[in-house]
Amino acid sequence: MLTLIAILVDGLIYSSYLFMVAVGLTVIFGVMKILNVTHGSFYAFGAYMSATLVGIYYQTDLPEFGGFLAIFGAALVVGLFFGVVLERGLLRFLYHRDEHTIVLATFAMFLVLEDVLLMIWGTDPYYATEPMGLLGFIDYEALSYDLYRLSFIALAIVVGLGLWLGLTRTKWGKILLAVIFDREISQAMGINVTVVFLVTFVIGSILGALGGAYIAPTISVSPGIGVEVIVLAFAVVVIGGMGSIPGAMIGSLLVGISRAAAVHKFPEIELFVIYAIMAAVLAFRPEGLFAPAQARKI
Amino acid sequence: MSVVLEVRDLQKTFGAVVAAKDINVTVNEHEIIGIIGANGAGKTTFVNMVTGYLKPTSGQIEFTGRNLIGLPPREITKLGISRSFQVPQVFMSESVFDNLLMAYAIAEETGMGLLSPLYNDERAERVDSHLRRYQIAEYRNATASTLPQGTRKLLDIAMAAVRKPTILMLDEPTSGISAEEKFGLMDIIMDALRLDDTTVLFIEHDMEIVERYVSRVLAFYQGEVICDAPTAEAMVDPGVREFVIGEEYHRTRTENGGSEHA
Amino acid sequence: MRHIDKTVVGLTIAFLALLFADFFMAEWMRFIGLQSLARGTVALGLLVLWRTGLVSFGHALYFGFGAYAAAMLTLLGYHDAFFLVFAGTLIAGLLAFLLGFLLRRYRAIFFALLNMAFSMILYGVIVKTEALGSTDGFSVLAPTFLGYAPEGEAVQTTLFLFTLVFTYLITLGVHLYLKTTLGGMSMAVRENEIRVEYLGYSAEKVIHFKYVLSGLVAGFGGAIMALAIGQVDPDSMANWTVSGEFVFITILSGIGNVAATFVGALVFELIRTYAFEYAPQFWQFILGGSLLAIIMFLPDGIWSVLSRLRKAEKAPSP
Amino acid sequence: MNIMKRSGRVALLATGLAAAIGFTAGAATAAETVVMAVPTFLTGAGAPAFGVPARNGAEVIIEAINKGTLPAPYDKSGKGLAGRQIEALIYDESGGGVKQVAEFRNKVQKQGVDLFVGYISSGTCAAITPVAEELKMLTIFPICGTPRIFEEINTTPKYVFRTMGHATADGVAEALYVKANMADVKGYTGINQNYAWGQDSWRDFDLAMKQLMPAVPASDKAQWPKIFSGQYGAEISALMLSEEPLVHSSLWGGDLEAFIFQGSARGLFRKKKLLFSVADTSVYRLGKKVPTGVILGARGPYGIFAANVDTPLNNWFRKVYIDRYSTPPVGGSYQAAQGVLAAKFAYDKAAAANGGKFPSTDQVIAALEGATYQGIAAEVHMNRSNGHQAATIHQIGILEWDKDAGEPIMTKVATFPADCVMPPPGVNGTEWLKGGMKGAKC
C-alpha cells in the first residue's frame, strides 16, 4: 500500500517534471512545426541563470520567499533574450527550408550554445538549494516528501491550465489555433504570422527556461544538463502527440507513473521504460496519443 | 456494349456523416459520363471508393467482373482504372518530361526490371509522343511547379493515361481554368483519350462542358445518385435542376478557383 | 550512342588515386580517411533516404548493430575481415528489413523520431549488458584478410585498401541504382506518394527497399569502424548524437552526388580534428558554427560549390 | 559535354586533399622538449568532478617539474624530465572511445607526442590500451577504474601503465570497513548509475560483502538510475521503503550532488546509512551541504583523506593548489599529479641509469616497471600486472563537518594495506573476490 502511494506521488512529481521540461517544446512544435533542439539550451541557461540569481538574492537581506521571484525572473530573462535573438536572428531565415534542415540548424545552435554556456559560467557547478530548504517536508509513515518537489505538481498544473485557457479562451489563443490548423489560410485572412511565430517562440523559450530555472534548486547545475532533457522532452512530446498540450500532459503522466512503478518494482528496467513506451506508442499510434487533426489530402 | 464497371449498394459513412448512400451505377465500354453535384455531394468520395483510396462501409464494386473492394489504388490502377485529380498530383520539382518518364517507367517495369535504367531512348520517344498527343511538348523541359494551371492539369491527366486505362476518372478537369481556355483543354483531353477508346467518367461543375462532351450524367445530392440518365434528359430533370444546376450556375459565377481545397 | 557517366569516371579516378596514396599516406591521415569512408558510407544510405524525403535520426541503430555484430563475432573467434564486414552488413540489413515493415508506414518527423526511439532501445540494451562491457564496450582484435595477418602499420594499410575497394563498389552500385526506375522512384515518392500509388506502385515498398539499403550500408560502415578503431562502445556507436553526426554529414555534403558524401565525411572529420586541436575547450562551438554556416550559406551542401564552379565554367559556351 | 572537367574535379579533390594534408609528415618535435599529452574531461558532466581537478593537479606538477621547484624526494633531480622541459598538450576527453582513439592517433602521428598522462573514464582507457600498444606509445593512466585493462584487454602490457589501484580495491575496502564498523548490519542495497562504472562498483562491493559478511543479505531491488538523470525522487522513496539500512552508492559529480540535495531535503541520510565510494569529489564544493555521518571513499588515500598527511611533498602540493585554484585538491587532482610524478620519476631514473643521457622510451619503461615511487599522498608500488599496475594503501572513513575549521573532515579513518585490498599479482579481480580473496594481507 505504502509502495502504491509512493509510486503515485513519485510518479506525479516526475510527470510534472517531464511536463515542465517538455511543454515549451510542444508549444513551439504545435504552432511552428519546428522540432527545437535548442530547447535543451533554454533549459540549461534557465537553470544557470536561476542558480546565479538565487545565489545573488540570498546574499542580500531581502525576505526569504523572494527567492522564488529570482527563479521566475531568470526564466523570463533567458526566455525573452534567446527567444527573440534566435527567432529573429536565425530561424526566420529558415522557415522556407524543410523541417529536417531546421532540426539540424537548431541542433547546431545547441552545440554552439553549450560552449557559450561554458564560456560564461565555466565548468564548476552552481547550487541554488535555498528555495528547496524553505518549504520543508512532510512525513507519512516511512515516507517523507519535500514540499519543493511536490510543488512541481502545482506548477505543472498552473502552466498547463494557463496555456489551455490562454489558447481556448483568449483572442490570441484563437489566432494561434488558426495558425496551427492552417498557416496559409490564416495568413490570407490577415493574421500576421510573423508576429505569431515570434511570440510563440518566445513563449516556448520562456517555458523551456522555466523548466530549468524551477528545477535548478534540486540539482547540481553543471555542464551537460541540457543534453539529457532533449531526449526526454522529445520522447514525451512524441508519445503525447507532437504539438498537443493535453498530449504532453498525458505523455508525461504515462511515462512518469510507469517509471515510478519500474523504480519501485523492477529497478533493473528503469532505463528502458521511456523508450519502450515511445516505441510502443509510435508503433500503434504514430501520430501520438493526442495529435491535432490533419486536413484532407485529395 | 459490355459492362466494365458495376457498383451496387455502395455506402460510406464517416462517423455520423453519410458521405455515400445506396449508390448503384453501371458503366459500359466507351461511355463518356459526367458526374455532377454540389460541393460535398459525394462525387469525389465516389471516385475515391472506386479507385481504392477510401474503403466503402458496404456495397460492391466490380470491374470487368472482378471485385475491387479492399484493393489498394495501385492494384486497381494495374487492373485498368486510372484517375486524375482536382488539384494536379504531379512531381512538382521535376520537369514535365521527367514526370512522364517516371510514369512510363512505373507502368512498364516490374520485378527485377525495376533495377534497369530509368532512362532509355525508346522510352524517351514514347514520352515525347505522349507529350505531343497532349500538346504539352513545348513545356517538355519546364519544371512542373512553374506550369500554367491548365498545362499542369493536362500533365496530371497525361500521367494518368500512361497505362492506357480501360476507365479514366477525371476529378474536375476544368476547375481553376479560365472560361476561354476550358473548351480547348477539354478537346485535347477527349481527342487524346478517344485514340485509346478509353471509358471516361469525369466530375464537372460546368454545365456547358457537360452538355458538350458527355453522353450520360450521374447527378449526386447528399451522397445519393438522384439522377442517372442521358445528358439531355438529365438537364431537364427537376431534381437536377433544383439541387444541382441552380446552385452550380450560381457557384461557377462567384468562385475564383483559388481557394479550391486540396 | 554510348553515354559516358561522369560520376563513374570521377569515382574511378579518385579510387585509383587513393589506392595509390594508401602506401604513402601519413598514418593519421589514413585513419581519418578510414573513418571518412565508414561514415561516408552511412551517409550514402541517408542520401538515398533523403532523396526519398525521409531523414532518420536513428541510423546509429544500424551503424551500432553492424559494429557490435562484427565485434561480437571476433569474440567467437572469427577474425577474417571479409566475413566480419559481410556479416555486420547483412545483420544490420536484416534488422532494417524487419523494422522496415513498421517504419515504412511513417513519414517526416515521425519517421525520424521512430528511428531514434529504436536506436535508443539498442543503446539501452547494450548499456544494460555487462557481458559486452556496458558503456565501456570492448576491444576488437586486428582482423585477418583471407589468411593474411598484417602487423603494425600494415593493419591499417590493408584495412584501408579493403575498405576502399568495397566502398568504391558500394558507391558505384548506389550511383547506378539511383539511375534505375526503383532508384528514381525516390524522387517520385518524395514529391508525391499519391501519384506513385495511382501510377501502380507501392510507395511503402519503395521506402522499404531504400530503408533496407540504408541499413545495409550503415551496417557496413559500423563494421568497418569497429575494425578501424579496434573498439566498440555504445556512446560512440549507438547513441542518438552519433545519428545526429550522420545527418550532419548528409547536410554538409548535400544530396546532389554520391561522391559528395565522402567529401562531406572528410570535411566533417577535418573540422572536428582541427577544432579539437586548436580549440579543445570550444570544439562544439566550432562544429556547430560550421554546420550553421553551411545551412545558411550553402543550402545544398558543399557539393553545390562544385556545381556552381561548373556553371561558371560553362557560362561562356551556351 | 565537359566529362573530363567534372570527373577530373572529383579526382582532383580527393587527391588534392590527400596531397595537401596527407603527405605532410607529422609535426617535427622540438629536440629539447618532451611533449606530454594530457587528455582529461574539459567539457560535459565529467569536467567539474574529475576532469578539471585532474587538469589542475597535473598543471601544478608539470609547472613545478619544469621550474625544478618540486620538494623532496624530487628536489635533487633538476628541472624537467631528465633535463628536458615538458610541453603539455591538455585536451578534452569527451566524446566517447571512438573519438578518443582517433584523437590519440592524431596526437601521436600528427603532433609528435612523446607520452600520454591522462584519461579518466574507464571506457576511454579500455579503448586506448590496444592502440597505445600498437603505436608503441608510453601511456600512463592516472585514474580510470576498470580492472579489465590488464585483466582482459592486455594481460602483457609494455607501454601502458596505471598509477593507482583499480576498482576492485574500492569494493574490498568498503566491505572491510562495513565489517569492522557495522558488524550487526541487517542488509544492504544500492543506488548506482546504470553504466559500466556503476555496475562494476556494485558488483565488486556485493561480491566482497558476500565473502566477508555472508550472512548479510543484499536487496534484490538495488536502484539503477540512468546516468545524468538528475531526478531521484522515486529512487529515494524506494530506498526509504527498503528494509536494508545500508545503501551503497558510486554516484559522482552532478548526479551525486542532486541526489544529496534531494535526499537531504527528505531526511534520507537520517534514516539510512549511506556509503559513497567516490563522493570526495564533491565534499569541498558542497561545503556545509555535505551529508554528515556518511561512509566515504576517495578511491584511495587521496583528496580529503590526505588533508593531514604531513610530508613536504603533500604540504607543498596543497598549498600551491589552494593558492592557485582557491579550493583544496580532491581525488582527481591527487591522482593526476601522481600520474605525472610517475613520468618524472621514470625519466630521471632512466637517465641516471643511462649515464645522464636522455633515455629512450624503452629505458623509461624499464625504469617504471615494478618500481616504487613517492606519490603526493602515499607510496605507489608498481607491482601488479608485470609491474604496470599500481597498488597503494586504501582509506575509508566517516564524513563530518568541522565547525571550528569550517570545512569537512574525515573521521574514524581506516587504512588498509595495498596487499589487503588489491588482488595479488596475476590474479583476476572478480575471480579473486569470488574465491574468497585468498592471499589478502590485511
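Colleague: Two strands pair if DSSP finds at least two bridges between them. Which residue in β11(D) is the bridge partner of Gln374(D)?

Modeller: The partner of Gln374(D) in β11(D) is Glu379(D). A word on the source before we go on. This is a predicted model, where local features need pLDDT of at least 70 and side-chain atom pairs count only at pLDDT 80 or more, while totals for chains, interfaces and linings use all residues. Residues are numbered from 1 along each chain as its sequence is written, and chains are lettered from A and ligands numbered from 1 in the order in which they are written.

Colleague: Do tell me about the neighbours. How many bridges join β10 to β11(D), and do they run parallel or antiparallel?

Modeller: Strand β10 of chain D, residues 372-374, is joined to β11(D) by three bridges, and the two run antiparallel. They form a hairpin, with four residues between them.

Colleague: And which way do β11(D) and β12 pair?

Modeller: In the antiparallel sense, over two bridges, with β12 covering residues 389-391 of chain D. There, Arg384(D) stands opposite Gln389(D) in β12(D). β11(D) and β12(D) also form a hairpin with four residues between them, and Ser385(D) in the turn has a positive phi of about 45°.

Colleague: Is β11(D) mostly covered or exposed?

Modeller: Mostly covered, as five of the six residues of β11(D) are buried. A residue is buried if 20 or more other C-beta atoms lie within 10 Å of its own, exposed if 12 or fewer, and partly exposed in between, with C-beta atoms placed from the backbone.

Colleague: Let's zoom out. How many helices and strands are there in chain D?

Modeller: Chain D has 16 helices and 14 strands. Of its 442 residues, 63% count as buried. The C-alpha trace spans about 80 × 70 × 45 Å along the principal axes.

Colleague: How does the radius of gyration of chain D go with that of a compact globule?

Modeller: It agrees, because a compact globule with 442 residues would have a radius of gyration near 22 Å and chain D has 23 Å. The radius is taken over C-alpha atoms, and the globule rule is 2.2 Å times the number of residues to the power 0.38.

Colleague: Which domains is chain D divided into?

Modeller: Domain 1 is 33-165 + 309-391, and domain 2 is 168-298 + 394-434. Those bounds come from an automatic or database domain assignment. The C-alpha centres of the two domains of chain D lie 27 Å apart.

Colleague: How many residues of domain 1 of chain D are in contact with domain 2 of chain D?

Modeller: 21 residues of domain 1 of chain D are in contact with 20 residues of domain 2 of chain D. Contact is defined by C-beta atoms, placed from the backbone, that lie within 7 Å. On the domain 1 side, α2 (46-67), α4 (122-134), α13 (331-353) and our β11 (379-384) of chain D each supply at least two residues. The largest share, four residues, comes from α2(D).

Colleague: What classes do the residues of that side divide into?

Modeller: Eight are nonpolar, eleven polar and two charged on the side of domain 1 of chain D that touches domain 2 of chain D. Ala, Val, Leu, Ile, Met, Phe, Trp, Tyr, Cys and Pro count as nonpolar, Asp, Glu, Lys and Arg as charged, and the others, Gly among them, as polar.

Colleague: New topic: what about chains C and A?

Modeller: 35 residues of chain C are in contact with 31 residues of chain A. On the chain C side, the elements that give two or more residues are α5 (108-128), α11 (240-253) and α13 (283-297) of chain C. α5(C) gives the most, with 13 residues. That side of chain C divides into 27 nonpolar, six polar and two charged residues.

Colleague: Why does Lys136(D) count as partly exposed?

Modeller: Because Lys136(D) has 13 C-beta neighbours inside 10 Å.

Notes. Two residues are in contact if their C-beta atoms, placed from the backbone, lie within 7 Å.
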